Amino acid sequence: MERYDVIVVGAGFGGLTSAALLAKAGFSVGVLEASNELGGCAGKFDRHGYRFGAGATVGMGFEEGGVLKRLFEELDVELPPMTSLDTIMNIYTPHDTIHYYQETERWFQEVDRVFPNRSEQVKRFYNEVFKIGERIDRLLLDLPVFPPNRWRDWPKLFKYVNANSVALTPYLTQTVMDRLKAYNLHQDEMFLSFLNGQLMDSVQTTAAHCPAFLGYAALQTFHKGAFSVEGGLATIAEKLADSIKANGGDVLLRRPAQRIVPQVDGWMVSSRRERQYQAGRVILNNSLHNFHHLFEDSVHKQSVVQKDDLTASWGAFMLYLGVEDVYPGDVLYHQIIQDQNKPLSEGNQFLLSFSGKNDRRMAPENKRAITISTHTEVAQWWKRDDYEALKETYTERILTGIEQYFPSFRSTIDVLMPGTPVTFERFVKRDKGRVGGYIPDGRFSWLKSQSIYTGLEGVYACGDTVFPGAGTLGTSLSGWMVANEIQKS
């Protein structure tokens with residue numbers, strides 16, 4: 001039986017962040033990952049000569065002062081080669097193609113072109129987004145444990161009561177839609193379609209249901225810069241794992257946590273083949289959807305984590321494609337909205353993520369790797385009789401949508417592999433294939449978020465189901481918060 005100060009369950013970005021920081025601080029750390037890949041939903045897999053990103057994620061947080069840039073500076077680790085992209089993504093709608101530029105002046109020029117009748121309101125809205133986004137960044141720099149899930153968490157928030165946090169109060173009590181009403185943008189169908197597309201991909205919901213401060217934090221992040229990381233975001237995960245090992249920690253693949261049992265001096269984590277690991281503290285980075293599988297009912301009932309249902313989170317339908325390199329290299333991310341009057345899910349809206357044009361770690365010469373993702377309701381994918389037909393329907397819907405803007409796209413396909421929530425459960429070990437965290441459902445839904453505290457002494461949580469939520473930046477921040485709290489204690 002192996003003994004550590006801290007065991008981390010799951011090698012997603014949150015778990016790797018926690019483990020790397022704690023290992024550098026001198027803790028003995030063991031990371032248990034159920035799959036044979038690092039990075040979780042932002043990881044990769046290799047097939048037919050291509051490297052595919054498990055999720056269609058946008059590279060962010062590498063600018064000066066960005067979350068991942070600061071993390072690598074803290075760890076004294078060099079970032080891998082990457083390229084900053086002037087265009088965050090192209091958004092294709094039935095009415096126009098919107099070029100979503102990173103630089104504010106260019107973006108505002110595009111706003112003038114695309115939304116000529118509302119351009120001044122749109123620009124004022126975005127100026128508010130940037131202003132409030134900066135305040136949110138300043139607050140998160142101190143890594144506050146939020147929201148207060150336990151009575152004893154409330155006093156810890158008093159230190160954050162200052163002019164900056166007080167100015168955020170209105171955005172804690174309104175939705176993004178409430179703020180749009182202030183600019184008379186709430187009934188502009190084209191702008192709403194565009195904005196909801198960005199919120200779906202970043203916060204998992206639309207303006208009507210998204211707490212304003214969460215939506216603003218996501219929207220302003222786009223304009224800090226998008227990056228193409230050589231080898232994909234999995235390269236970042238590999239660098240974090242190397243840092244853990246360099247500081248004496250272990251990263252153990254194909255080690256699923258099957259049961260966690262309390263002991264007098266901490267916890268015992270059991271894995272397959274009767275392997276057992278002991279630690280004073282445990283960090284769960286394997287999604288709170290999996291939480292109740294790990295503990296006996298008597299232990300689970302002592303926690304603040306409740307069992308949830310399939311409606312609480314999205315799943316993802318994926319297409320992994322290898323294609324001939326006949327596509328531009330300056331814009332790597334493309335969002336397609338086929339019908340702005342229908343829900344932005346189930347193949348009606350999807351994100352394409354191209355590998356870098358000359359990234360030989362991702363694709364052979366003269367080829368490109370593409371990951372495509374659309375939100376999907378999970379329950380339908382567990383009806384065995386409908387499964388194959390559903391995959392074919394979604395594949396055809398997406399390919400048809402792509403060919404509206406990339407004619408003859410199918411003729412360039414070298415490799416095509418679909419992925420579903422069933423795939424994510426099998427390979428990434430997400431319960432029922434649920435990814436992307438919980439779906440916000442109103443202005444106060446952030447109060448129902450789970451903080452890093454589980455209510456079990458010495459057991460912490462991080463990742464997309466923990467505040468501040470989904471995406472590599474959100475999961476890394478929650479992992480950083482856990483490491484910070486453990487070092488304080």
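Before listing anything, I need one cut-off: I call a residue buried when its relative accessible area is under 20%. I also keep in mind that this is a predicted model.

**Entry: a covered helix**

I started with helix H9, which spans residues 212-222. How many of its residues are buried? I get eleven of eleven, so by the under 20% cut-off this helix is mostly covered. I wrote the buried residues down by name: Ala212, Phe213, Leu214, Gly215, Tyr216, Ala217, Ala218, Leu219, Gln220, Thr221 and Phe222.

**Entry: cysteines**

Next I searched the whole structure for disulfides and found zero. I checked Cys41, which is in no disulfide; its nearest cysteine sulfur belongs to Cys462, 13 Å away. Is Cys462 buried or exposed? I read 2% relative accessibility for Cys462, so I put it down as buried.

**Entry: H1 and H2**

I then turned to helix H1 (residues 13-24) and helix H2 (residues 67-75), whose axes come within 10 Å and cross at roughly 25°. Angles under 35 degrees count as roughly parallel, so I log H1 as roughly parallel to H2. The crossing of H1 past H2 is left-handed.

Which residues meet here? From H1 I noted Thr17, Ala20, Leu21 and Lys24; from H2, Leu71, Glu74 and Leu75. Sorted by class, this contact of H1 with H2 has four nonpolar residues, one polar and two charged.

**Entry: H4 and H8**

My last pair was helix H4 (residues 119-140) and helix H8 (residues 189-203). Their axes come within 12 Å and cross at roughly 25°, so H4 and H8 also go down as roughly parallel to each other. I have H4 passing H8 in a right-handed crossing.

On the H4 side I listed Val122, Phe125 and Tyr126, and on the H8 side Phe191, Phe194 and Leu195. What classes make up this contact of H4 with H8? I count six nonpolar residues, with no polar and no charged ones.

Note on methods: Residues are numbered from 1 along each chain as its sequence is written. This is a predicted model: local features need pLDDT of at least 70, side-chain atom pairs count only at pLDDT 80 or more; totals for chains, interfaces and linings use all residues. Side-chain values use heavy atoms; hydrogens and water are left out. Buried means under 20% relative accessible area, exposed over 50%, partly exposed in between (1.4 Å probe, protein chains only). Helices (H or I, at least four residues) and strands (E, at least two) are DSSP runs, numbered from the N terminus. A disulfide is a pair of cysteine sulfur atoms within 2.5 Å. Axes are lines fitted to C-alpha atoms, for helices over the stretch in contact, and angles run from 0 to 180 degrees between N-to-C directions. Angles under 35 degrees count as roughly parallel, over 145 as roughly antiparallel, 65 to 115 as roughly perpendicular and the rest as oblique. A crossing is left-handed if the near helix is turned anticlockwise from the far one by less than a right angle, and right-handed if clockwise. Contact means heavy atoms within 4.5 Å. Ala, Val, Leu, Ile, Met, Phe, Trp, Tyr, Cys and Pro count as nonpolar, Asp, Glu, Lys and Arg as charged, and the others, Gly among them, as polar.
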